[in-house]
Amino acid sequence: ANNKLAPSSHRKTGRGAQETRLISLQTREILQNMCEENWKNSELLGSILEIDYELFKRLVRALTPIADIAVLMNVDEAILRDNIEDLNTPVSKAFRRIRAETALEIRERNIEYMEAGSPSATEKVSEFLKQAFLDL
């Protein structure tokens, strides 16, 4: 059985790929702006007053543990965890969206490295593929 991935001839290249990336970046920017507005206008933040969204985003993108985020942002860890665990809060929505975007970027980068011939990236992509099938 052939366990190699098919060639990526179906992928867009050239201008089409650039246009797709541009649309993707524009969509991401619109979503980010919406998220920031919801964040600023939310009444659900409760005890977490005036969280710096840019710092929060930077820490989440760096895959910082929640305990460290709380310390670095000078907020109560239990309150931050409660806000992240409640899927309806702006904090939770922002946290999950930023983590998902970061994971997507890591997966895409690993696929690029795999296509360039990196054995370790091929192994990671194989793990991502297994996870994707388990998620069906």
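I began with Glu105, which forms a salt bridge with Arg61, the closest N and O atoms being 2.7 Å apart. I take a salt bridge as a side-chain nitrogen of Lys or Arg within 4 Å of a carboxyl oxygen of Asp or Glu. The pair links distant parts of the chain, with Glu105 in helix 5 (residues 90–115) and Arg61 in helix 2, 44 residues apart.

This is a predicted model, where local features need pLDDT of at least 70, side-chain atom pairs count only at pLDDT 80 or more, and totals for chains, interfaces and linings use all residues. Residues are numbered from 1 along each chain as its sequence is written, and side-chain values use heavy atoms, with hydrogens and water left out.

I looked up accessibility next (buried means under 20% relative accessible area, exposed over 50%, partly exposed in between; 1.4 Å probe, protein chains only). Glu105 counts as buried at 16%, and Arg61 as partly exposed at 33%.

I noted that the structure holds four salt bridges. Among them is Arg97 with Glu101, at 3.1 Å from N to O. Both residues lie in helix 5, four residues apart, and both are buried.

I then turned to helix packing (helices are DSSP runs of H or I, at least four residues, numbered from the N terminus). Helix 2 (residues 53–61) packs with helix 3 (residues 66–73) at an angle of about 150°, so the two are roughly antiparallel (an angle over 145 degrees, on a scale from 0 to 180 between N-to-C directions). Their axes, lines fitted to C-alpha atoms over the stretch in contact, are 10 Å apart.

Terms used: Angles under 35 degrees count as roughly parallel, over 145 as roughly antiparallel, 65 to 115 as roughly perpendicular and the rest as oblique.
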